[in-house]
Amino acid sequence: MWPFNTIHQGSFISTDDVSAEYDFIIVGGGNAGCVLARRLSEIPYKTVLLVERGDGDDSWLDRTPLTSTYHFSNGKHSDVFTSVFEEKLGRPVSCVTGLGLGGSTRINGMQYTCGVPAEYNSWNRSGRVGWSYNELKDFFKKSQTWFGPVPQEYHGLNGPLHVQSYEGYNYKCLEMTETACRSVPLPSIKDMHSPTALSIGWNKMQYTIDSSGYRHSAYRAYLPPEILTSRKDRLHVCTGALARKLLFTKDSDNGSIRVHGVEIQGTGSETAPISVRARSEVILACGALRTPQLLLLRQVRIIDGIGPHEHLQEMGVDIVLELPGVGAHLQDHLIVPTGYNCPLYDSLWAMVVRPMVLIREFYRYLRYGTGWFLGTIVELEIFGLSSLVAKDGRIGPIPKEREDPSDPENIPDIAILVSCISDPQAPGADRSKGLFGLNAALLKATSCGYVRLRSLDPKDAPLCKLNYLSTPEDRNALRSALRMTLEIARNMRASGYQLTETHVPISLEDGDLDAFIRAKGETMYHYASTCRMAPLSDPRPGVVDDQLRVHGIANLRIADASIFPSVPATHPQALVYAIAEKCADMVMQGCGSRS
């Protein structure tokens, strides 16, 4: 096939062709939505409608990992808006989510990490029944087909999603980082998905890239043409459609509330909205920023909203059900890039300033499906515990009690993402040389922000406050991560590697680290926990129960990153796949049909 074709066109419907009623309506065609659409349409006697604001295009640029990654893309599949002012950063930040089928899996860095067992054991310890690591691990496997050099025993072999890692490195600067990690010394994690591996150390990254070298988004993995064609009688995918409102019925006798449908409207026209009924369930999978927005919006039929009392009153929305957790507890991973010059041909920057390198890499990718167009920008990641990092950045020995990856006390709270490129606009950057980044990340934030309505127009972006670094624990941990980056760089130079600082903190003192964080801190786009899975009586009130059912509302579930009890110490896409698989399994069991 000619590599620059756009595929999947003609497989979707517009709002004009939507039926009046379906068994299941899934709102949001991103990571989780694609999973749910495929799994629920496996039931031969049930009909499914998937509603997605964006398109279903899948051009060569969309499939190629590098050119589809947000920072290198044309922006077509990115939804970008600005947060409110962040006090600790002294500025707002850009909020970015995916747009179109596949959602953020269309534009992310493709990093596939499940997190350590301790993460999910902590959920279970907090009372989340059915969510321990042992109860969740099969859903990680169910989604995945593994291609890679590490042992297969902790990976799936028959799932829709292709995941792999690579021997060696595409970039010399990453290879030299591994050498520095060994000299620190930091332990090597051979397979980050092994439940017996340490939660602290360095590992080679794993990616959602298929065997042809294409990005394997949720769209391409779960809704390929053969699925859409073979199930067209019972699976309708409506693209370019906005879910405006949920439709409720309130029982006049007992006051019980249930969702009976969704009001949708085409995004590219001023045509009237249409109401679509759901015979069984509505499942929200719009992500941690848009799902709470939909719950907060003014509803039809009973002219009510769902969420925190004071905010809904401010917006002129009467309250059908007070769920104070809707939109609360917004969390994210904060990342602080540091930058260095390195030898030019050790860095992705060479492809920008040397046309022959670009031609070479373009040929390698087209001919062999290898090289820099694979977009493996972060080939190595380092996980750490801030409590083990000294004031000078040196990393202490790992105590025996910190070696158990299933103990919730041993969840890594910081990380370093090692990148083959850094900011070329940094004042100290020499653009005739290579650019290399050691990026400090806060993994276990204790700070919480919120999502609120900007207006009552569902086309408007929500109002988001991340509230980064509002606790001393977060500030202390991120300082340790920055100190750790400088220690890694010191070890790289000690081995003889040529590194020159372009933007780093001027010292290891708290004040200088804080000033650097304020200037350079950025979102990692890992928004979470705005519709937490927790009881209503929790100190941080929940929105869904352990079956992902919204408290107090029948026939309504949520399955996306908004339900995380707290932001996990991992890249979230693998977990969202697992949550969607588990949600589909629970729904299908309720229908008397198992996957």
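**Note on the predicted model**

1. In the hairpin formed by strand 9 and strand 10, six residues lie between the strands, and G255 adopts a positive phi near 80 degrees. The two strands run antiparallel and are joined by nine bridges, with strand 10 spanning residues 257-266. Within this pairing, L242 has Q265 of strand 10 as its bridge partner. Strand 9 covers residues 241-250, and eight of its ten residues are buried, so the strand is largely enclosed by the rest of the structure.

2. The coordinates discussed here belong to a predicted model. For the protein chain the mean pLDDT is 93, and 94% of the residues reach 70 or more. Residues 298-305 call for caution: over this stretch the pLDDT is below 50, although the model gives it 36 contacts beyond near neighbours in sequence. Where pLDDT is low, the predicted coordinates should not be read in detail.

3. Helix 4 may be taken next. Seven of its nine residues are buried, so the helix is largely enclosed by the rest of the structure. The buried residues are P117, A118, E119, Y120, N121, S122 and W123. Their cover includes helix 5 and helix 15, the latter comprising residues 573-590. Just after helix 4, G127 takes a positive phi of about 105 degrees.

4. Helix 5 spans residues 133-142, and the axes of the two helices come within 9 Å and cross at roughly 125 degrees. That angle makes helix 4 oblique to helix 5. Helix 4 contributes P117, Y120, N121 and N124 to the contact, and helix 5 contributes Y133, E135, L136 and F140. By residue class, the contact of helix 4 with helix 5 consists of five nonpolar, two polar and one charged.

5. E119 deserves a separate point. This residue belongs to helix 4, which runs over residues 117-125. How is E119 placed, buried or exposed? E119 is buried, because its relative accessible area is 1%, where the limit for a buried residue is under 20%. Leaving aside residues up to four places away in sequence, E119 touches I411, K444, V567, P568 and A569.

6. L99 lies in the loop between strand 4, residues 94-98, and helix 4. Residues up to four places away in sequence aside, L99 touches E52, R53, G54, K76, H77, S78 and D79. L99 and G75 are 24 residues apart in sequence, and their C-alpha atoms are 9.4 Å apart in space.

7. On helix 13 the contact is made by L478, R479, L482 and R483, and on helix 14 by D510, L513, D514, F516 and I517. The residues of the contact of helix 13 with helix 14 comprise five nonpolar, no polar and four charged.

8. An open sheet of three strands has the order 14-19-20, and its pairing is antiparallel. Strand 14 (328-330) and strand 20 (463-465) are at the edges with a single partner strand each, so one side of each has no neighbour in the sheet. From one strand to the next, the twist averages 35 degrees. Strand 14 is joined by two bridges to strand 19, residues 449-452, and these strands run antiparallel. In strand 19, G449 is the bridge partner of L330.

9. N467 is partly exposed, with a relative accessible area of 23%, whereas L469 is buried, at 5%.

10. V184 and P185 are joined by a cis peptide bond, with omega at about 0 degrees. P185 is located in the loop between helix 6 (172-183) and strand 7 (201-204).

Note on methods. Residues are numbered from 1 along each chain as its sequence is written. This is a predicted model: local features need pLDDT of at least 70, side-chain atom pairs count only at pLDDT 80 or more; totals for chains, interfaces and linings use all residues. Side-chain values use heavy atoms; hydrogens and water are left out. Contact means heavy atoms within 4.5 Å. Helices (H or I, at least four residues) and strands (E, at least two) are DSSP runs, numbered from the N terminus. Ala, Val, Leu, Ile, Met, Phe, Trp, Tyr, Cys and Pro count as nonpolar, Asp, Glu, Lys and Arg as charged, and the others, Gly among them, as polar. Buried means under 20% relative accessible area, exposed over 50%, partly exposed in between (1.4 Å probe, protein chains only). Two strands pair if DSSP finds at least two bridges between them. pLDDT is the predictor's confidence in each residue, from 0 to 100. Axes are lines fitted to C-alpha atoms, for helices over the stretch in contact, and angles run from 0 to 180 degrees between N-to-C directions. Angles under 35 degrees count as roughly parallel, over 145 as roughly antiparallel, 65 to 115 as roughly perpendicular and the rest as oblique.
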